[in-house]
Amino acid sequence: MSDAPVNPPVRSATAPNTIVTGGAGVSGRRVVAKEVLVNVAPRETRAALLENGLLHEVFIERASHRGLVSNIYKGRVSRVLPGMQAAFIDIGLERTAFLHASDIAPPELDEDGIESPRAESIRELVSEGREILVQVLKDPIGTKGARLTTYITIPSRYLVYLPKGQGIGVSSRIEDETERQRLREVVGDLINVSGEREQLGGYIVRTVGEGASVESLRADMLFLRRLWGLISQRAIETAPGELVHEDLPLASRLLRDCLGTEMERVLVDDESAYGRMVSFTRTFAPELSERIEYYDGPRPIFDLYGVEDELERALDRRVSLKSGGHLVIDQTEAMTTVDVNTGAYVGHRNLEETIFRTNLEASESLARQLRLRNLGGIIIVDFIDMLDEEHKRQVMHSLERHLSTDNARTQICEVSPLGLVEMTRKRTRESLEHLLCAACPTCDGKGRIKTAQTVCYEIFREIARQSNSFDFQKIMLLASAEVIEVLLDEESAALASLEEGTGRPIRLQQEDSYARDQYDVVLM
């Protein structure tokens, strides 16, 4: 949610024909009316971000599994991997965390203020057993541990402090050049007045800092300076593998990161949480405290706004479009694929126009689904093939425009020769599907199980295999009701032939607890 990058700007050149949007900002961004719904339960807090009445993002925090992003730990280097230019860091979690060389801050400046040459090997930056202060960039996802950085960032309402950074940055979402220059000058003057110029560190003005007064920026700077001093002292006293500084809980974090001039209101259904949020806002943004409202209606707040239904639909592969077309979204370990289909939409003019209208609608729906499902990594979109180059351009522009309000950084490539759109979206936490769901114990997450007929033929082969290896008087087969039914009906002749071939009777026993592809052959 933070406007500030948690690692330094990427220095490598952007790939040709690549458009950077989302967190990087896009000119001509839409103005949207936002509101946040906060649902508090004893062990879980959920927040839904609505834009123009539609659900666009959902955040879930559970007492048993709080997110780790932005937490600061004192770690110990457990292993250095020169071949990967990375190191594994023990920060006290179940799995060691991953620190790449590019996420390690450069050496301290020398006495002349000149940065030392960048080390070429990871071994020149860290060594096994060394203690190191790190911040979590990405939560553990799947079998992968958390990803770390030593570029510490500490956000407040208007500013982000970078203890190991330099200079003054302004969020790219602030597009007025006059205001950008004003903010740079104000922050620079405050640094000079405070005498902090002699210390290492830089600042980034966040999007909500647009129009902020000098006093507000000064208060933020004093708060960040005190907080960093406290963190630095804790880091000295804390043992390796322990938490040094924890980010705010979900409700307060949303207020810090989301509550701006475009946020119409925050509706909370828990009285104690409402009190804490109002108190937090009065401290950091008193002018916006009236936008926080307490909801005490009889109907659950997520039901009232249709959020529960939207969350259920967000777990389906298929996403229906208003026109009658649909998207099919498949999430795999390596990437997410999106297929666009016209479905029941037949259009009004001709085929090309029908395809164009479906792709336009799909681009808007896709941008929303990426945020809602929190899909990240590599994303391949198979729009319906278009012949008109102008139609292709308009669909790509539509996708960029609708992704421009996404806080996650995205990169979009032009349509490939195969008609595919390749893009990436920065992933920092588990997707909605991985957070709310687990792999099916029957199919083990494959999404497919063998047909009853396939299982019957496997049973026949297993009986033949065992009958040639052991002595027995009869065979007992335990299987699901569906498989037993096929054996007694469609495959009854094959079963009789097998009994004749083995010279032994085969007894069938239905096991209601067995899945379709489970069976046992018992020789008696």
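Colleague: What does T150 touch, leaving out residues up to four places away in sequence?

Modeller: This is a predicted model, to be clear. In it, T150 touches L99, D103, I104, A105, I132, L133, V134 and K164.

Colleague: And where is T150 found?

Modeller: In the loop between β9 (147–149) and β10 (154–155).

Colleague: Is T150 buried or exposed?

Modeller: Buried. T150 has a relative accessible area of 3%, and the cut-off for buried is under 20%, so T150 qualifies.

Colleague: Which backbone atom lies 2.6 Å from a polar atom of the T150 side chain?

Modeller: The backbone nitrogen of A105. A105 is also among the residues that T150 touches.

Colleague: Let's switch to N39. Where does N39 lie?

Modeller: N39 is in strand β2, residues 34–40. N39 counts as buried because its relative accessibility is 15%.

Colleague: Which side chain does the N39 side chain join in a polar contact?

Modeller: That of D269, at 2.6 Å. Setting aside neighbours within four places in sequence, N39 is in contact with E44, T45, R46, D269, I301 and F302.

Colleague: Now backbone angles. What is phi of N52?

Modeller: Near 50 degrees, which is positive in a residue other than glycine. N52 is found in the loop between β3 (44–51) and β4. N52 counts as exposed, because its relative accessibility is 51%.

Colleague: And what about phi of S70?

Modeller: Near 80 degrees, again a positive value in a residue other than glycine. S70 is placed in the loop between β4 and β5 (72–81).

Colleague: Buried or exposed, S70?

Modeller: Buried. The relative accessible area of S70 is 18%, so S70 falls under the 20% cut-off.

Colleague: Zoom out for me. How many helices and strands are there in the chain?

Modeller: Twelve helices and 25 strands. The chain has 524 residues, and 45% of them count as buried.

Colleague: What share of the contacts comes from residues 24 or more positions apart?

Modeller: 69%, taken over contacts in the chain with a separation of 6 or more.

Colleague: On to the largest nonpolar core. Which of its residues touch the most other members?

Modeller: I154, L159, Y203 and L217, out of 26 residues in that core. At least two core residues come from each of β11 (159–162), α1 (177–194), β13 (202–205) and α2 (214–237). The most come from α2, which gives seven.

Colleague: What does L217 touch, not counting residues up to four places away in sequence?

Modeller: Y158, L159, L183, V186, L190 and A212. L159 is another of the residues that touch the most other core members.

Colleague: Which residues does the second, separate core include?

Modeller: A362, L366, A367 and V421 are among them. That core has 25 residues.

Colleague: What lines the largest cavity?

Modeller: Q331, T332, A334, M335, T336, N374, L375, G376, G377, I378, R427 and S431. The elements that give two or more of the lining residues are β19 (335–341) and β20 (377–382). By class, the lining has four nonpolar, seven polar and one charged residues.

Colleague: And how much space lies in the second largest cavity?

Modeller: About 50 Å³. Its lining is V58, I60, L372, R373, N374, R429, E430, S431, L432 and L435. N374 and S431 line both this cavity and the largest one.

Technical notes:
Residues numbered from 1 in each chain as written. Predicted model: local features only at pLDDT ≥ 70, side-chain atom pairs only at ≥ 80, totals over all residues. Heavy atoms only, no water. Core = buried A, V, L, I, M, F, W, Y, C linked by side-chain atoms within 4.5 Å. Buried < 20%, exposed > 50% of the residue type's maximum accessible area, 1.4 Å probe, protein only. Helix = DSSP H or I, 4+ residues; strand = E, 2+ residues; numbered from the N terminus. Contact = heavy atoms within 4.5 Å. 1 Å grid on protein atoms, 1.4 Å probe; cavity = no way out; pocket = protein on both sides within 12 Å on 5 of 7 lines; lining within 4 Å. Nonpolar A, V, L, I, M, F, W, Y, C, P; charged D, E, K, R; others polar. Points joined across faces, edges and corners; volume = space filled by probe spheres on them. Polar contact = N/O pair within 3.5 Å; in protein donor to acceptor, adjacent residues only side chain to side chain.
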